[in-house]
Amino acid sequence: MDELIRPNWHMALVHFPIGLLVVGTLVEVFSFLGWRRSSFRTFGRWAILLGAIFAVPATFNGLYSLNTVVPEGLAALEETNPAAAETIRDHLWMNAAATGAAVLLAVLWIALSDTWRDRLSLVFKLALLLTLGLVLVGAHHGGDIVYAHKIGPHDEGPSTLPTTLPDMPVDKLLDQALNAEQTHVTVSGFAVALACVCLGWSIRASSRSEDLSAQDEAANAHRIAAAFAPDMNTIADARALLGEGVVSANHTPPVRAGRFWLLATLLLLLSAGTGIWYLAMNESTSPGAGGQWDVEALRNAISTPLEENGPQLTRRFAHTITGLVLIGDSILLALAAATARRNRLLLLILAVPMVAALAVQVWLGVLLVTDGPQGTVTKFNEPLSLISESTEPGHVLS
């Protein structure tokens with residue numbers, strides 16, 4: 001049975017962040033034309049937020065997909081088709097930079113007080129335009145990869161679903177249809193993106209200079225949209241709630257971050273589960289057997305060095321430990337958001353390891369996807385062809 005989406009999911013995921021970021025940026029930049037205080041601007045900011053979230057799994061899946069469309073690696077492609085290799089590099093670097101910029105802008109905009117939002121409004125719009133430029137130029141290179149260099153699409157014709165399912169265990173059937181590794185990479189992207197956004201919501205909730213009245217709950221039913229509402233549109237509501245005509249530095253009611261930290265925790269748990277599923281499908285006590293849900297085999301696949309004199313701290317083991325840190329810290333942040341919303345010291349204590357673990361986990365994920373599970377956790381086994389212009393052949397993608 002073929003995969004449901006061939007040759008990978010990247011071509012399906014990538015259109016969402018491009019469309020959302022284009023529409024959201026245009027709505028925000030041209031809001032002066034008449035919708036500065038309308039719900040249309042709120043829609044635009046929601047599009048920016050959702051575009052930033054979808055960009056992370058699309059980027060992660062793009063790194064994974066490089067293995068399926070260029071299985072010999074970019075170093076080898078450089079020898080046979082240097083123009084295609086250069087186009088792929090440009091596409092990856094531009095869109096990776098755009099993803100990082102979009103997430104950073106969304107998180108900062110959520111975390112900032114309304115006062116600072118007003119002060120930095122022009123800077124925010126300019127940064128959005130630069131990010132959008134990277135997205136569009138990177139997308140153009142992506143189109144060149146497929147249509148100019150013919151890299152990616154299959155030549156066997158469209159995939160069709162079988163009339164009857166093959167006679168095999170459900171887990172193996174799902175692995176063939178969805179691909180366990182690709183599923184893990186994609187779910188991890190959504191988990192990382194949501195964790196970043198939740199950090200912004202937690203910072204905003206903890207930094208309010210004044211509390212709004214109890215009417216806050218009833219008067220602002222759409223609290224999520226309020227976090228991205230047009231600034232001037234919320235001032236009157238805040239004055240009415242405060243009753244004295246005094247506008248708080250954070251007059252826009254914050255989102256209840258606790259419930260979203262719980263959602264992030266569920267995504268992190270799902271990511272861990274799909275990682276275990278991938279190892280179970282590809283590692284077993286007998287080489288080549290695969291699909292054996294053997295605890296000892298899974299433990300060996302995670303912690304046992306793949307080389308005789310290899311480092312004792314394997315990439316998979318470090319990846320697993322960092323994942324557990326993320327899950328545990330997200331649970332603590334959910335509890336903190338629910339019980340101590342304005343405790344800045346507690347937020348700082350919990351946020352620092354979350355940011356560090358996210359950075360380490362992304363680095364380890366890139367190592368595992370592009371360089372394989374063997375090797376140290378601090379560097380690539382060989383110069384990464386995405387950076388090096390060398391045409392010397394070597395293993396880069398595994």
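What is the mean pLDDT of the chain, and what share of its residues reach 70 or more? The mean is 79, and 73% of residues get to 70 or more; pLDDT is the predictor's confidence in each residue, from 0 to 100. This is a predicted model, where local features need pLDDT of at least 70 and side-chain atom pairs count only at pLDDT 80 or more, while totals for chains, interfaces and linings use all residues. Residues are numbered from 1 along each chain as its sequence is written, and side-chain values use heavy atoms, with hydrogens and water left out.

**View 1. Confidence along the chain.** Helices here are DSSP runs of H or I, at least four residues, numbered from the N terminus. Residues 228-250 stay under 50, and the model gives them 58 contacts beyond four places in sequence; a contact means heavy atoms within 4.5 Å.

**View 2. Helix α3 against helix α9.** The axes of α3 (residues 39-69) and α9 (residues 180-206) come within 8 Å and cross at roughly 145°. Axes are lines fitted to C-alpha atoms over the stretch in contact, with angles from 0 to 180 degrees between N-to-C directions. On the α3 side, look for residues including F54, P57 and F60; α9 brings, among others, V185, F190 and W201. Sorted by class, the contact has 13 nonpolar, five polar and one charged residues. Nonpolar covers Ala, Val, Leu, Ile, Met, Phe, Trp, Tyr, Cys and Pro, charged covers Asp, Glu, Lys and Arg, and the others, Gly among them, are polar.

**View 3. The largest pocket.** About 880 Å³ of space lies in here. A pocket is an open set of points on a 1 Å grid over the protein atoms alone, with protein on both sides within 12 Å along at least five of seven lines; lining residues have an atom within 4 Å of a point. The volume is the space filled by probe spheres (1.4 Å probe) set on the points, which are joined across faces, edges and corners. Of 32 lining residues, H184, S188, G275, H319 and L368 are closest to the centre. The lining has 19 nonpolar, 11 polar and two charged residues.

Notes. Helix = DSSP H or I, 4+ residues; strand = E, 2+ residues; numbered from the N terminus.
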